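Here is a note for a colleague who is opening this structure for the first time. Please read the points with the model on screen.

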Amino acid sequence: MMIEIRGLELRKETGDIILSSIVTVNYPEDCEKKELLRNKPVNRGQILTALSKMYEVKPWQIVWPRHIKVPKV
Amino acid sequence: MAEGLPDYHRPIDVAIQTMTEIVNRPKYGAAEILIINSAVGINQETWLGSIAGKGMIYGGWITVDLQGSQWNSIPILRIDNEEVGRTSFANLYRYSLTKEHNEGTYLRAYDITNQIYTVGISHGFTFETQFEILYYETHGLTPTVYARIIYALT
């Protein structure tokens with residue numbers, strides 16, 4: 001199984017900072033959006049680890065396109 | 001060694017019109033919604049939300065909820081680090097910037113009696129790396145800003 005990151009959404013809601021990922025699981029299936037991190041540091045490592053746990057894959061099975069940058073608060 | 005186009009590719013001849021119609025359009029994923037609901041800082045610019053990726057904004061709105069004035073505060077839309085919307089509610093009203101594409105944001109509500117201020121987000125802006133929503137508060141208060149931005153990613 002391959003996971004491709006299509007986008008990362010970072011937002012504030014009632015005092016929380018929430019990171020959600022929009023990924024494609026096994027292209028060309030549709031995108032799905034899920035909350036990934038809440039009130040945690042947002043960096044590449046944390047994102048890869050969280051995705052890896054969520055989709056039960058190894059970090060090397062996650063495709064991270066070059067144009068996707070880690071969003072900053 | 002294999003040569004030529006893959007089996008699922010077929011050449012077309014535009015001159016003799018081997019196909020009746022050719023459709024060429026960018027391909028986007030499903031619509032997604034960025035929802036923001038957050039208090040902002042006093043007399044400062046506050047980051048509220050962002051999307052990292054490549055895609056297009058379909059539309060949306062930003063509004064502020066407070067029992068107090070915000071007419072001179074500034075809702076901000078930043079796309080690929082360029083501020084495409086950075087005009088106060090008052091100036092949007094003064095210069096009648098009430099239609100899409102006058103700026104990234106355009107005025108939808110300006111009610112200084114009931115303190116309702118809303119901007120719309122223009123449809124069709126594409127982004128290559130990210131877009132962000134921010135708010136610059138200028139009245140020394142701590143309003144709550146709500147936003148709902150509809151977008152899609154490639």
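1. Confidence. Chain B has a mean pLDDT of 90, and 95% of its residues reach 70 or more. Here pLDDT is the predictor's confidence in each residue, from 0 to 100. For the complex, the predictor gives an ipTM of 0.72 and a pTM of 0.81.

2. Ground rules. This is a predicted model, in which local features need pLDDT of at least 70 and side-chain atom pairs count only at pLDDT 80 or more, while totals for chains, interfaces and linings use all residues. Residues are numbered from 1 along each chain as its sequence is written, chains are lettered from A and ligands numbered from 1 in the order in which they are written, and side-chain values use heavy atoms, with hydrogens and water left out.

3. The interface. Start with the contacts between the chains. In chain A, 18 residues are in contact with 21 residues of chain B; contact means heavy atoms within 4.5 Å. About 1700 Å² is buried between chain A and chain B, and carbon and sulfur atoms give 52% of that area. Buried area is the accessible area (1.4 Å probe) that two parts lose on being put together, summed over both. A:R6, A:K12 and A:H67 supply 34% of the area that chain A buries against chain B, more than any other three residues.

4. Between chain A and chain B the count is 0 salt bridges. A salt bridge is a side-chain nitrogen of Lys or Arg within 4 Å of a carboxyl oxygen of Asp or Glu.

5. The chain A side. Two strands, β1 (3–13) and β3 (31–38) of chain A, each supply at least two residues of the side that touches chain B. β1(A) gives the most to that side, with 8 residues. Strands (E, at least two residues) and helices (H or I, at least four) are DSSP runs, numbered from the N terminus. The residues of the chain A side divide into 7 nonpolar, 3 polar and 8 charged. Ala, Val, Leu, Ile, Met, Phe, Trp, Tyr, Cys and Pro count as nonpolar, Asp, Glu, Lys and Arg as charged, and the others, Gly among them, as polar.

6. A buried serine. B:S50 is in strand β2 (residues 45–53) of chain B. B:S50 counts as buried because its relative accessibility is 1%. Buried means under 20% relative accessible area, exposed over 50%, partly exposed in between (1.4 Å probe, protein chains only). Setting aside residues up to four places away in sequence, B:S50 touches A:L8, A:E9, A:L10, A:P71, B:L34, B:F131 and B:E132.

7. Salt bridges within chain B. Over all chains, the structure holds 12 salt bridges. One of them joins the side chains of B:R86 and B:E45 (2.8 Å, N to O). B:R86 lies in strand β5 and B:E45 in strand β2 of chain B, so the pair ties together parts that are 41 residues apart in sequence. B:R78 forms another with B:E83, the closest N and O atoms being 3.3 Å apart. B:R78 counts as buried, at 16% relative accessibility, while B:E83 is partly exposed at 32%. B:E45, B:R78, B:E83, B:R86 and B:E132 are linked in a network of salt bridges.

8. Backbone points to check. Most residues other than glycine have a negative phi. B:N81 has a positive phi of about 70° although it is not a glycine. B:N81 lies in the loop between β4 (74–79) and β5 (82–86) of chain B and counts as exposed, at 59% relative accessibility. B:Q115 also has a positive phi, of about 55°, and is not a glycine. B:Q115 is found in the loop between β6 (105–111) and β7 (116–121) of chain B.
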